[in-house]
Every structure is written in C-alpha cells, then in structure tokens.
Amino acid sequence: MKKSRKCIWALGLLLVAGCAGPKNVSPEDPVDALKLKDYDPVSVFVMEEHHPSAARFSTIDMHSHAYRNDEAGIRQWVKTLDENNIEKVIVHTKAFGEEFDRLYDLFTGISDKFEVWCGFDMTKWDQPEFPACAVKELERCFAKGAGGVGELIDKGLGERISSAGREVGLHFNDPKFDALFEKCAELGMPVSIHSGDPIWMYEPLDSHNDGYMNAKHWWIDLSVPGTLDLDGVVDAFVECVERHPNTTFIACHLLNLNHDYARLGKILDSHPNLWIDISARHQETCVTPRATARFYEKYQDRILFGTDNDPDPDMYHAQWRILETEDEHFYLKEQSYHWPMQGIGLSDTVLRKLYHDNAIGILSARKR
Ligand SMILES: [Zn+2]
C-alpha cells in the first residue's frame, strides 16, 4: 500500500514537471528514456550574477556579416550597437561584383559604423586565367571601398564560397592564390580566413566525442576524397601566412585551435603578420576558462574581438558577461554543447586591447 502511494506521488510530480515545460520521461527508467537532444539542464547554483548591458570600453567588432538586409533592420542594428558601446562593425560580405557593390552601398549608406569587406572572385578558380581575373576584381572592390577581404573559408575541402557545387576547391597554400595575397599586401587590405572547425567536428561521431552535441550539426566527413583533417587545413593556412609576410592575416575563431593553446601560441610567436579573432567560440573556450584567460593575457596584443552571430541584444550581452565577469556555471538561451558557460573575467588592460586597440592598430595601418 505504502509503495503504490509513493508511485502515485512520483507520477504526480512528473506530471506537474511536464506541465512546467521539460519533456516527460518514463518513471520506470528515466535515464534510458531521456534523449540526449532533449537534455536541457537548468543551473541550481545560487550565486551573485553580473549582466553588463554594454561593453566596458568602446568596441570594434572585427567579424560580422550582412545579418540584416533591409534599411529598417540595419537601423535597428545601429541602435543596438550604440546601446552596447560598439563603435564599428566589419561586415564580411564574402561577395564580389554586383552583390558586393549592393551590400557596400546598403550598409555604408545607412551608417559609418559599418565597414564592408569583399571576398575573392573564385568563379574561374580552376581555369588558367583565375589569378589575373580575381586580382582585377579585387582591385575594383578596393576602389569601390572594400577595407579588407573576408571571410574566406576552408574547412577541409578548400575555399568553396564561390565554387558551390564543385567537389573540391583550393587550399590557401595553393600558388594560384599567390597573386591575390600579394595584391592584398600592396593595397594594405587585411585578410580574414576561417580555417578548419573545432576539433570535435573531425572526430568520430560516437559516445567518446566530447563535443558531440555540436559536432553532430557541423561534422566533417573525412572519408570524402580530398578532405584535409584539421591539422592539414591549419598547416595549409600557416604555409600561406609564411609565404606572404607582408600581408596581414586574421585567423577567424582562434584558428580553431582553442583545444591546443600551446600550438596556437607557437604559430603566433613565429608569424608577426598574423592575428586571431575570438568570434563565435565562447562555447568552446568557456569550458577551459582559466587556460583561456591565461592565453588571452599572454597574447593580449594579437587577439581581436568579433561576434559572427545574429546581432540581437542578448547575443551582445552574453559577450560582455563572458569576457568581463567571473560568473560561473550558467546557460545561454541558445547553446550547442552539453556544458555550462563560465565567465573569463579579463582585466581592463586586456579588454581594451581586445575590444579596440588591436583592431585600431590593424585598421589604421592601411594605406588609405
Ligand atoms: Zn563568419
């Protein structure tokens, strides 16, 4: 009798919990019944919280995209930037030709907070005339007002932005890119390149994959012929940086090496023409908050702030909480991994360089 009353009480609790939001799980075997995709923990820790509503210092976002495509949306974005103490945003269009011109006119016509960067024209990438044609288009975009090049991407199959549908593109150490990167140096255009992806995307999708919850969305199939693994992509990028010492390179997303700060540090040590942006990697770096804070401290002259995310107020507020506070064990509204977030609590000296001074150094070194 006693036992069955207990069961009814437990069932009642589950039903109440079900009404409150979380998905019901079987009372018989809840661990087996709960699907990994439904796991949605809520922090129980009672601790002081900090929610900065704006960046502590005036900020330059070195990695964003054309997330708004209409005048009203862009004006709303400018309002959010003002409220968050962001003075400038680099819009990586990845575009060339008419699309670049359209985006350039749209953004710069609304606010001088936006600086618009172009892509490479890859349309003839597998034809002999590619370098000459692409350089010509780069010069045209520069004359139109492009302040740099971004974002170029190679996750293993080569640069494919403008070669959609092709099997394999070019890696950045391919000599066919030489004339383009040299032209960037001549024109003083910094180049932002996304090489690889977080390490979990290259590992087997099995029960040992530490970042499984996100890897399953972005997994890279290394069995596809011609695909480089993360080491291969990073090596190709580093060779490119080495070959063009007069070109300023920005490795997006910490060169996707936040799992191996020693290696990333060595690459920065030996390549003075290289910077890294920290965009869209808080979820990867927060899992090791102390190692990340130490790395940012040590390489405070080489790191750039970027967001690379939909520019709504919550996204910006999360940046300030993570970088400026020491809040622990909290979850964001949208989160891809199974682990909680941690504040990194950077010093004012590091924050000033990260948010602003390092970017100014790169942008003001340009020739116009
Ligand atoms: Zn991006």
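User: Happy to look at this predicted model with you! What share of the contacts with a separation of 6 or more in the protein chain comes from residues 24 or more positions apart?

Analyst: That share is 72%. A pair counts as a contact here if the C-beta atoms lie within 7 Å.

User: What makes strand 1 enclosed by the rest of the structure?

Analyst: Buried means that 20 or more other C-beta atoms lie within 10 Å of a residue's own. In strand 1 (residues 59-64), 6 of the 6 residues are buried, so the strand is largely enclosed by the rest of the structure.

User: How do you know that strand 1 pairs with strand 2?

Analyst: Pairing asks for at least two bridges, and 4 bridges join strand 1 to strand 2 (residues 86-92), the two running parallel. One of the bridge partners in strand 2 is Val91, which faces Ser64 across a bridge.

User: Why are the buried residues of helix 11 said to line one face?

Analyst: Those residues are Thr292, Ala293, Phe295 and Tyr296. Seen down the axis of helix 11, they fall within an arc of 160 degrees, so they line one face of the helix. Their cover includes helix 9 (261-270) and helix 13 (348-364).

User: Which residues touch the most other members of the largest nonpolar core?

Analyst: Val191, Phe237 and Ala251 do, in a core of 89 residues. Helix 8 (residues 230-243) gives the most to this core, with 8 residues. Leaving aside neighbours within four places in sequence, Phe237 is in contact with Phe172, Ile193, Ser195 and Ala251.

Key. Residues numbered from 1 in each chain as written. Predicted model: local features only at pLDDT ≥ 70, side-chain atom pairs only at ≥ 80, totals over all residues. Contact = placed C-beta atoms within 7 Å. Buried ≥ 20, exposed ≤ 12 C-beta atoms within 10 Å, placed from the backbone. Arc of directions from axis to C-beta. Core = buried A, V, L, I, M, F, W, Y, C linked by C-beta atoms within 7 Å.
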